[in-house]
Amino acid sequence: RTLDLDLLLYDDLVSHANGIHLPRLEITEHACVLKPLVDLAPALVHPVQHKSMQQLWQEFPQASQPLVETALEL
């Protein structure tokens with residue numbers, strides 16, 4: 001099987017090398033990326049925006065990208 005791993009952040013590293021951006025631009029562009037970060041680490045500070053994930057989520061236009069929560073069955 002192929003493993004697809006999306007690295008969103010690496011500590012407070014800011015890098016734009018070889019077509020790879022850290023932190024990933026998708027963090028502040030897509031609700032489906034930002035909201036799980038908020039759930040896992042709301043106080044984590046974005047190294048470029050200098051705002052916590054919770055602050056970024058509060059400022060995010062959530063109505064433009066509504067999320068549907070589903071229960072995970074194990």
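Is Arg24 buried, partly exposed or exposed? The residue counts as partly exposed, because its relative accessibility is 24%. Here buried means under 20% relative accessible area, exposed means over 50%, and partly exposed lies in between (1.4 Å probe, protein chains only).

The model is predicted, so local features need pLDDT of at least 70 and side-chain atom pairs count only at pLDDT 80 or more, while totals for chains, interfaces and linings use all residues. Residues are numbered from 1 along each chain as its sequence is written, and side-chain values use heavy atoms, with hydrogens and water left out.

**Salt bridges**

Side chains of opposite charge can pair when their charged atoms come close. A salt bridge is defined as a side-chain nitrogen of Lys or Arg within 4 Å of a carboxyl oxygen of Asp or Glu.

| Pair | Closest N to O distance |
|---|---|
| Glu26 and Arg24 | 3.0 Å |
| Asp39 and Lys35 | 2.5 Å |

Asp6, Arg24 and Glu26 are linked in a network of salt bridges. Asp6 is partly exposed, at 49% relative accessible area, and Glu26 is also partly exposed, at 26%. Asp39 and Lys35 both lie in helix α2, four residues apart, which is about one turn of the helix. Helices (H or I, at least four residues) and strands (E, at least two) are DSSP runs, numbered from the N terminus.

**The nonpolar core**

A nonpolar core is a set of buried Ala, Val, Leu, Ile, Met, Phe, Trp, Tyr and Cys residues joined through side-chain atoms within 4.5 Å. The largest one has eleven residues, among them Leu9, Ile27, Met53, Trp57 and Phe60. Two or more residues come from each of α2 (31-40) and α3 (53-59), and α2 gives the most, with five.

The buried residues of α2 are Ala31, Val33, Leu34, Leu37 and Val38. They lie on the same side of α2, because they cover an arc of only 165° around the axis; the arc is that of the directions from the helix axis to the C-beta atoms. On the other side of α2, Cys32, Asp39 and Leu40 are exposed. For Asp39, the relative accessibility is 52%.

Contact means heavy atoms within 4.5 Å. The cover over the buried residues of α2 includes α1 (26-29) and α3. Not counting residues up to four places away in sequence, Trp57 touches Ala31, Leu34, Lys35, Val38, Gln62 and Leu67.
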